[in-house]
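Let's take a walk through this model together. Have the sequence and the 3D view open as you read.

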Amino acid sequence: MPKKFIIDKKSVDFFKKISELSGEIITLCDQCGTCSAGCPVIEEMDITPSQMMRMVMLGDEDVMESKTMWLCATCNTCTVRCPRELDVSKVAEALRQVKLRQSMDKLNIDKIPKEELAELPQIALVAAFRKLTS
Amino acid sequence: MKIGVYLCECGGNISKVIDLDTVNKFVGTKDSIGVARIHSNMCSGAGQKLIIDDIKKLGLDKIVVAACSPQFHEKTFRVAMEKAGLNPYVLEIVNFREHCSWPLKKQPKIATEKAKNLVNIGIEKVRLDYPLEKKMFKMENRVLVIGAGIAGIQASLDLADAGKDVTLVEKEASIGGKMALLSKTFPTEDCAACILSPKMADVEANPKIKLYTNTTITKTSGHRLHFDIEAEINPRFIIPKIDMDQCLSCKKCEEICPVSVPNEWEQGIMDRKAIYTPAALAIPFKYLIDKENCLHFKDDSCNKCAEICPQNAIDFTQKVEKLKFTVDNVIVATGFDLIDPNLKPVFGYDRYKNVVTGMEMERIVDHINENPPPREVGNKVAFIQCVGSRDKQIGNEYCSRVCCMYATKLASLLKMERPETDIYIFYTDIRAYGKGFEEYYKRAQEMGIKYIRGKVAEINEDPDTNNLVLKAEDTLSRKIIETEFDLVVLSTGLQLSKSSDTIIDSLKLSKSSDGFIKEAHLKYRPVDTLIEGVFVAGTAQGPKDIPDTVAQASASAARVIGTLAKEEFEIDPILAFVEENKCDGCKKCLPSCPKNAFQMNDKNKAVVDEALCVGCGACISSCPQDAIDLRGYSNSQIIASVEAALEFKEKDEYRVILFADDAATYRLADIVGVRKMFYDYNIYIIRVPSGSRITPKLMTHTFIKGADAIMIGDNVKKSSAFPWSKKMTLENIEVVNEKIKKSGIDGERIFYSEFSSGMLQEFITIANETVKTVKKYSKITKEKLNKLKEIF
Amino acid sequence: MKIPYYPGCTLKSTAKHFENSAIESAKKLGIEFVELPRWNCCGVVASLADDDIMHHLAPVRNMIRVLEMNRDGLVENEKRLLTLCSMCFNTLKRSNQRVKEKIDDLETLNDFMYKEEIDYDGSVKIIHFLEILQEMGFDEVKKSVTKSLKNLKVAPYYGCMLLRPKEVGIDDAERPTIFEDFISSLSAKPVDWHNKSKCCGSFLTVNNKDVVVELGYDILTNAQKSGADIIVTTCPLCAFNLDNRQKNIKKKYPEFKEIPVVYFTQLMALAFGLSKEVTGFDGNYIDPIKLLESKNIKV
């Protein structure tokens, strides 16, 4: 079922917001797919990293509902390979920040069983809090 | 001396603003004026006739025309003077229109005052003008073509047809370049060798073409359209050297040679011996010995070829032969190298045998029908596009133009020979822009070749199966393709051949930002370079396919034929010269000239090679004895001009002298005038060839004569014929700034700017701001100037 | 040589045995780690949002401590800050680059931290221990080796943070060699394998364990198939994901064979012949001692 998408002021504003927040020139993305092909967590994602870039360029706010940006571990494999030197991890961060700055945390620490928390090294908790909570 | 001064009304453009009668009266007060006239249109037939008649009847020996900018009619008046029998270089044009009446159209009183000062400058400058002779250089019919690929071959044949003497130099042992390595060519699938071989044979047989193979150019020197070339012919170790018929190519030596190394012509998919012919269809079809791998050269342990040769044609003692010759024009057709696939280690070219380059694939496909073929391809083949191109990570942002099509070709050829093979081409864009290209691409798809839109991120070897696994996103279906392939072909892009670097350095060519040889202008001078007499053709100028290469080669040949048709080449006499009696042989001028125009003669005096000198004036500040000067813009002339500009300055007035380079700043001021835009009238423009002409001494004199500030304008570096000027001028300025400080003069007094023709508003702003700034400083007193004189 | 040392949280708690092995091995090479006084959490992972200044506070405070150490004579003219943990390395280095690039932001940070005695001027250089060893020359490391590891096939696991992005990386992102050189200098045999810098999943181990299990399985099996006996890491989080999570991997893939994962300084301590307490192998989840003894290496 092909979806209809209208490019209106709202979508352009969304595109502008993510562009500014990430500091990346989203329109440079030529959709070559190198980022997706090298991404280690690609199999868990519902949309590919390049699809995420395309949705941001169109200003499609549905991208905020995807799992993809929360799965990005900032491993930067995409960054060192992009032929246009775009940093896709920064775009994922920008998308996360839009949610997090509205206090919509992804991680609820209460949901994690106490035994697991006990064995997790501090570094994992700090990083998880940094990336997944506000 | 009798100076003729002509004030042009320019149909009202000048006379409506400047009161020419007042100016005329002023002219009458100057010395040696033979005649002073006002005319409505000096550039018209009538105006020119006036000058001609006056010269003949009144015996005028110097001319001043106050009219529009010299860029319009300086040549016109020079021609008129020649007609009258007077040397055309005793002429000064005073810019009454663009630099005075137009910008100052709302201030006629000020314009008239300024006009008086401007014509004063013109008269004082022409007073020091003297006759100059045009220099003519004779040209002959000799052309050097560097590189015998398809571009060099085509150019040589065209030149030979036009009766030129061509020297064609090729560094490899066989001609044909990269085209000879191709199996078939797109989009027609013509056999590359079949269309190339007849041309190669023609070149070898053509009496007008002297072909040197296995030869490299080591040095080029000489002037604009006259090049002295030195080259080295590398020995083949097969005798005789000149007439090589002694070797009958019987192959006995090749058969017995014990050394086998990868055949570089076959891209390493097969081997060759250390004594070999470069290719099956090599021209010249002669053997040679690979000194690097031959055992005789390595450790004297083998003589088998010499022993078995029935003609005694092996000679291990052959030496490098040196070659020297002179030509009038050069065509650089040095071609391309493939981009090194190891720049993208993600593809594993250095580790996996089944990852090959496009060129290797050419040879594989060419031999695929042999029994057995040297390399098999398996059942599943992938092509990866844009390897090394369009990739900012490795610094090559350009598109190599031919890879989409050559991959399509290789895939199509392979599919025809091995229909069961599953072939995939992984691309980001398919660029099928040429004649027949789109149809060829469609045909490939029709044959069942699958195009997947996604760039391959990495290739790994499965440790269990040892098969290649390729990962790419199909961006059109958004699926991640992770699959095994039997063979992966990297469609590597093109870059300028490494061997071009020595040629570029010795001919003083430059490279564009993509690393290829820079043409004079991308749009309308695509085969010229910025060096007169040197042309470029083929992939050395940028990636392109065979039809475009052949077209460009013929174009460069046509340019050469046109240039040499003139037989004589004229050089502008505005050149530097050395006053021999002042020169003390210190040699400081030699490194100062970016064109290497200075030499020492046998009396140990410096001499300017007039064919090399471009008249920029940069050398003048290098001579501690003031022995160098520039004809047409001599030191005394510049000082006289400055003096004349400042002669009538009142005590409370401010005057800034702008030394404007002819090519950019002066023209820009003209354009500002044409648009009738106003800028501060206290700025007096003096035309110079480049900013570097203004030596520290001249700057100091300018202040001493009463200038409040100096502005120097040069062309922006990337458009400039004198790109060295900025650095030299700034150095000169630093010297003077120091002295100015020491003499107690306050504030920044020397301003340097780079201009290009679009910078109208910048010119006005800089001009106005400079005067405004200078007005804030304290006036330069006589005492301070005296101190400056002393310090200098 | 005395060098300012930033430990980070984990090396002081769950990964203390990594730190011990590092400090003692360094001593053998004449390097003294001078711990940063009043250091604070580096705030891993580096903040990427273009407008964010706040999250760079924590790293910059640590760099001010380095300047203070120099001022107070704890180190002499040494503005390099040594890290043992790749994630701390990456976070600190990225923050450092960011504030040096945007001088206005650095000014804002300095103004905000008005209670600090020194302003940060961008002069600190963040380095990883491997870089110090490379600078010293791996031949020097070789000299201190007393126990031969020549039967041991070691797979270097770089992870992400040491090599990426390019401005931060200590070696080429696609074909690095520094870790292999390090392993060779310890007389062990480095293994070439293609997952050497594939991400372990990092913080996803908190809320998305399954992803980490998958990644760990892929990484570890590739190392095994490439002939590795043991895996070496430079980051306590990678160590956790590849070591402790093996029990989760085993649950999902019963045929999975365990492989020991040790810290790079533990391997160094082993090769330098340091004691059992220092090498600290009982802190590792999968026991390396059995594997080592099978290779005739006494711990």
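**Starting with chain C**

Chain C holds 14 helices and eight strands, where helices (H or I, at least four residues) and strands (E, at least two) are DSSP runs numbered from the N terminus. Keep in mind that this is a predicted model, where local features need pLDDT of at least 70, side-chain atom pairs count only at pLDDT 80 or more, and totals for chains, interfaces and linings use all residues. Residues are numbered from 1 along each chain as its sequence is written, chains are lettered from A and ligands numbered from 1 in the order in which they are written, and side-chain values use heavy atoms, leaving out hydrogens and water.

How big is it? The C-alpha trace of chain C spans about 60 × 40 × 30 Å along its principal axes. Of its 299 residues, 62% count as buried, meaning under 20% relative accessible area, with exposed over 50% and partly exposed in between (1.4 Å probe, protein chains only).

Now look inside. The largest nonpolar core has 154 residues, and F33(C), M87(C), F129(C), L152(C) and F182(C) touch the most other members. Such a core is a set of buried Ala, Val, Leu, Ile, Met, Phe, Trp, Tyr and Cys residues joined through side-chain atoms within 4.5 Å. Another core, of 69 residues, lies apart from it, with F26(B), V126(B), L646(B) and I740(B) among them.

Over in chain A, I7(A) sits in the segment before α1 (9-22). I7(A) is exposed, because its relative accessible area is 56%.
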